[in-house]
Each structure stands twice: as C-alpha cells, then as structure tokens.
Amino acid sequence: MTAGTGIQTVESGHQDVVHDVQMDYYGKRVASCSSDRSIKLFAVSAGSDPPAALVTLEGHEGPVWEVAWAHPKFGSIIASCSYDRKVIIWKEGAENEWTQAQVFAEHEASVNSISWAPHEFGLVLAAGSSDGTISVFTHKADGTWEKKKIEQAHPVGVTSVSWAPSSAPGSLVGENTGLVQKLSSGGCDNTVKVWKCHDGNWRMDCFPPLSKHKDWVRDVAWAPNLGLPKSTIASASQDGTVVIWTQGKEGDQWEGRVLNDFQTPVWRVSWSLTGNILACADANNRVTLWKEAVDGEWSQVSTV
C-alpha cells in the first residue's frame, strides 16, 4: 500500500491483460478476468493486508472480457462473458468450490458485456455481442432459463449493456410504482440506445438513437436514481469523450452533454451508489472522479 493514499496494488496472478475487476455486494471478495482465459477470486480485508487469492475459475476458450456478481439473495453467483461467444454462470456450493451452473452459447461472435438486472426482477442477465444482438436470460422457478433476444440492437456490434434502476425517477426507494425493465446499450455504430420490455417484448425506447460520439461507444452505465427526478446514463467512447445523458420524465427526449474530452479513449464508466459521482477510466491508465453539484454542473474532484 502506498503510504497516506489508501491505495493497494495487487498482484493478480493473471498471465495476460486484465480486462475487468468487480467487487461483490458486501465488498469482501473481488473477481477479475483476463485474456489468459481465467477468472480469479480474492478475499478483501478491512485492514492493510493485500487481498488473498481464493480460487481460479477456468472454462472459457478465449479472453474473458467481463465478470459480474449476482445479488446475494440468489446465492454466490458470478457471470462471465468471453471472446469464445459464451456466457458462463458460476455458482458456489461449499466455500470456494465453484461449478458451471449454466453455459449459454447463443451468440455468433464475441460476447463483450454482461449486466445483472436489479434483483427485484429476479435472476436476470443481459449480454451484448459483436453479432449485433442483446440476449436477456431469465431464471425460472423450475430451474430453467428463458432466453430472449433483441435482434440487430447495434448491427455492427454491441459493446456494452447496463440496466436501469428498478424504481422510477422521482419515486421513493421501495415505493411500488410498478416495475419496468429497461436497458441501455452502446455499440460500434457510435450510438447509445435505450430499450424497454413491454408485454414480454423488448423495443427501442429512444428515437432517434442517442448520438454525440464520433467513434465506438466503449461503455454505458445507468446511474442509480434513489428518488432523483430524472434518469441519467453515462457513455464512454473511443473518441475520448464521456457524455452524460439525462431524461426528465418518462417520454421526454434524452439530452446529452459532454462531461469531458480526455484526448484518449475512455474504456469504462462507473457510478457511485448515490448516483452523483462518476468514475472514468481512460487509456492513459488514469481513473478520474467527477461530481455533480446541486446546480447540475460537473467538476473533477479526484484523480487516481
């Protein structure tokens, strides 16, 4: 650990590039994935001790792009997606004993992104692929999985998917306003799209697609709203910009404003639990934190 910074450098044990790192719900375990085709789990301590390696999961036949922890109400479950066109659901039985509970091979090209739906919808996973489609896998009471596809979501490839919060903008946390499933996606067509499930069918919910980027959209992240009177999506692009998209209320047009031009590709964006701080990771190996003020203006508050 670097003195005075609270930052730890962890030896991952991976033999190639690390593409994703995700903490579990309680912040006690970390999952990482790599081009070495493996997923590694680490235990995180509250003190200064470095994370301890727990187990390595192997099963993919190509680089593993993303990992995602399911909500703990469903048990210890991780999803992973890979260049090998597969999505694997991993489940922990006894402590640190993981098995492949389900393997989805629905796509015709690399699966680039996965995202678990808010737990109120059940155990539901979205996956975006270079074949241009988005799959939505829903676990049923009988143990089977229902599979639905959004065909030609981004015809030249889907790079990222992110679920909307389960609560509607402006509603109190836990208030029953009727759950509506929504997704955002980014693609190689330089656009961001919003999707809504209606009567079991997924349809685009923004017309036209959200277009401010001049190159591939590398990541999208839908912000938690916690009763805020608007919906917010952040998108990061190969063109070096991060755009903040907002919608005042259901049915309004989405409005986009450029948060910053980083002058280098931006790979990932991630929101704080309160939805007012955004982390941006760029190709210069920097992570910057941005905060929204009461007047709606954004400013950089930290660099890691």
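Student: Which residues does the UniProt annotation "repeat: WD" cover?
Tutor: The unreviewed UniProt entry places "repeat: WD" on residues 57-91, 104-137 and 210-245. UniProt positions are in the numbering used here, feature names are shortened, and annotations may be inferred rather than shown by experiment. Residues are numbered from 1 along each chain as its sequence is written. The model is predicted, with local features needing pLDDT of at least 70 and side-chain atom pairs counting only at pLDDT 80 or more, while totals for chains, interfaces and linings use all residues; side-chain values use heavy atoms, with hydrogens and water left out.

Student: How much helix and strand is there over residues 57-91?
Tutor: Residues 57-91 are 0% helix and 54% strand, with the end C-alpha atoms 11 Å apart. Helices (H or I, at least four residues) and strands (E, at least two) are DSSP runs, numbered from the N terminus.

Student: And over residues 104-137?
Tutor: There the chain is 0% helix and 50% strand, and the end C-alpha atoms are 9 Å apart.

Student: Sheets next. What is the strand order in the open sheet of four?
Tutor: The order is 1-2-3-4, with antiparallel pairing. Two strands pair if DSSP finds at least two bridges between them.

Student: Which strands stand at the edges?
Tutor: Strand 1 (18-23) and strand 4 (52-58) do. Each has a single partner strand, so one side of each has no neighbour in the sheet. Neighbouring strands in this sheet are turned by 20 degrees against each other on average, direction ignored. Axes for that are lines fitted to C-alpha atoms, for helices over the stretch in contact, and angles run from 0 to 180 degrees between N-to-C directions.

Student: How many bridges join strand 3 to strand 4?
Tutor: Six, between antiparallel strands, with strand 3 covering residues 38-43. Strand 2 and strand 3 also run antiparallel and are joined by five bridges. Lysine 40 is the bridge partner, in strand 3, of serine 32, and lysine 40 also stands opposite threonine 56 in strand 4.

Student: Is strand 3 mostly covered or mostly open?
Tutor: Mostly covered: five of its six residues are buried. Buried means under 20% relative accessible area, exposed over 50%, and partly exposed in between (1.4 Å probe, protein chains only).

Student: Where is asparagine 285, and what is its phi?
Tutor: Asparagine 285 is in the loop between strand 22 (277-282) and strand 23 (287-292). Its phi is near 60 degrees, again positive in a residue other than glycine. Asparagine 285 is exposed, at 72% relative accessible area.

Student: Which peptide bond is cis?
Tutor: The bond from phenylalanine 207 to proline 208 is cis, with omega near -5 degrees. Proline 208 is in the loop between strand 16 (201-204) and strand 17 (217-222).

Student: Cysteines now. How many disulfides?
Tutor: Zero, where a disulfide is a pair of cysteine sulfur atoms within 2.5 Å. For cysteine 206, the closest cysteine sulfur is in cysteine 197, 16 Å away, which is too far for a bond. Cysteine 206 is buried, with a relative accessible area of 3%. Cysteine 280 is buried as well, at 1%.

Student: How many aromatic pairs does a search of the whole structure find?
Tutor: The count is 10. One of them is tyrosine 25 with tyrosine 26: the ring centres are 5.0 Å apart and the planes stand at 90 degrees, so the pair is edge-to-face. Rings of Phe, Tyr and Trp (its six-membered ring) pair if their centres lie within 6.5 Å; planes under 30 degrees apart count as stacked, over 60 as edge-to-face and the rest as tilted.

Student: Are those two tyrosines buried or exposed?
Tutor: Tyrosine 25 is exposed at 54% relative accessible area, and tyrosine 26 is exposed at 57%.

Student: Which rings form a cluster?
Tutor: Phe104, Phe137 and Trp145 are linked into a cluster by ring pairs.
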